[in-house]
Amino acid sequence: MNPITSFLVFVLILAGLAVGRWVSLYPAFVLFGAAAIVALSLKMANVWQKFVILRMGKLQGVKGPGMFGIIPVLDNVVAVIDTRIQTTAFNAEQALTKDTVPVNVDAIIFWRVHDAEKAALAITDYRQAIDRVAQTSLREMIGSSMLAALLSDRKEADDQLKNEIGAKTAPWGISVSSVEIRDVAIPEALQDAMSRQAQAEREKQARVILGSAEAAIAGKFVEAADTYAGHPAALQLRAMNIIYETTKERGTTILIPSSMVDTLNPSTTLALAFASKAVPDPQAAVPPKIATS
């Protein structure tokens with residue numbers, strides 16, 4: 001009983017008690033009867049509710065939202081339908097994919113009743129029917145899909161389930177807003193195999209990238225060798241620069257092949273002299289040692 005009906009019934013009963021005490025019992029009985037009629041006939045539906053009413057077994061109409069009245073005894077409210085969006089969770093355990101891999105899939109469906117009359121009269125329990133249809137459609141989708149597609153193309157699987165379930169529930173006055181697969185669980189042994197496969201693919205890609213880098217570096221070295229071959233002075237300047245860079249550190253021992261010293265000639269002595277002058281603290285600096293082999 002809704003609050004408005006309860007208030008009216010309470011007022012009529014109080015009025016009947018007062019009239020029966022101070023006036024007469026007959027008007028009091030009339031007020032009591034009016035209270036009973038109001039309690040049985042006055043109904044109120046919320047904005048999201050639909051009341052399906054039968055009169056002597058035949059469809060009288062669908063009422064709501066707001067206040068409305070029915071004829072007691074003749075009219076009967078057979079269903080109160082909630083038209084808001086609702087959710088139903090469903091799953092499929094140990095379902096075989098197209099490539100015979102057992103998987104456990106959890107999903108959720110968003111749906112609403114758009115025709116209260118069909119939902120109340122076309123099927124006995126539309127909530128249970130939605131659950132059964134969703135599970136059946138999920139197993140059919142899994143059986144027609146490869147495991148790789150099921151794991152990677154979630155969006156396509158969701159759309160396929162939505163269309164299949166929506167087509168089956170439309171005659172019941174129920175529309176499906178969306179279907180979302182929450183989790184796809186595969187056997188642990190297969191997970192390990194897939195992990196090893198993914199790791200091998202990454203190692204393969206890393207080796208390919210490393211080989212490409214080595215080829216690029218080798219090409220640059222060939223270009224540098226061609227340049228130095230045509231310009232010996234450039235090679236000497238480069239060698240001097242390398243020695244200068246290495247002598248920046250204090251207490252450094254440098255091993256230089258004798259052939260390289262012969263190639264540098266007196267330029268090495270000048271480079272070492274400039275390097276020793278570059279040391280900021282002559283007292284603390286340790287002169288570099290050059291050993292030839």
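Predicted model: local features only at pLDDT ≥ 70, side-chain atom pairs only at ≥ 80, totals over all residues.
T88 sits in strand β6. With a relative accessible area of 15%, T88 falls under the 20% limit and so counts as buried. Setting aside neighbours within four places in sequence, the residues in contact with T88 are A107, I108, I109, W111 and D131.

W111 also turns up around Y126: beyond four places in sequence, Y126 is in contact with I81, D82, W111, V113, A119 and I174. Y126 belongs to the largest nonpolar core, a set of 36 residues in which V103, Y126 and I142 touch the most other members. Quite a list of elements gives two or more residues to this core: strands β5 (75-82), β6 (86-96), β7 (102-113) and β8 (174-185), along with helices α3 (116-121), α4 (126-143), α5 (147-152) and α6 (154-169). Helix α4 supplies the largest share, eight residues. Another core lies apart from this one; it has five residues, including A45, I53, F68 and I70. As a general matter, nonpolar side chains in soluble globular proteins tend to be buried together.

Then there is the sheet. Three strands make up an open sheet in the order β3-β2-β5, and their pairing is antiparallel. β3 (58-63) and β5 are the edge strands; each has a single partner strand, so one side of each has no neighbour in the sheet. On average, and ignoring direction, neighbouring strands here are turned by 25 degrees against each other. Between β2 (residues 49-55) and β5, which run antiparallel, there are seven bridges. R55, for instance, has D75 in β5 as its bridge partner.

How values were computed. Residues numbered from 1 in each chain as written. Heavy atoms only, no water. Core = buried A, V, L, I, M, F, W, Y, C linked by side-chain atoms within 4.5 Å. Buried < 20%, exposed > 50% of the residue type's maximum accessible area, 1.4 Å probe, protein only. Helix = DSSP H or I, 4+ residues; strand = E, 2+ residues; numbered from the N terminus. Contact = heavy atoms within 4.5 Å. Pairing = 2+ DSSP bridges. Axes fitted to C-alpha atoms, helices over the stretch in contact; angles between N-to-C directions.
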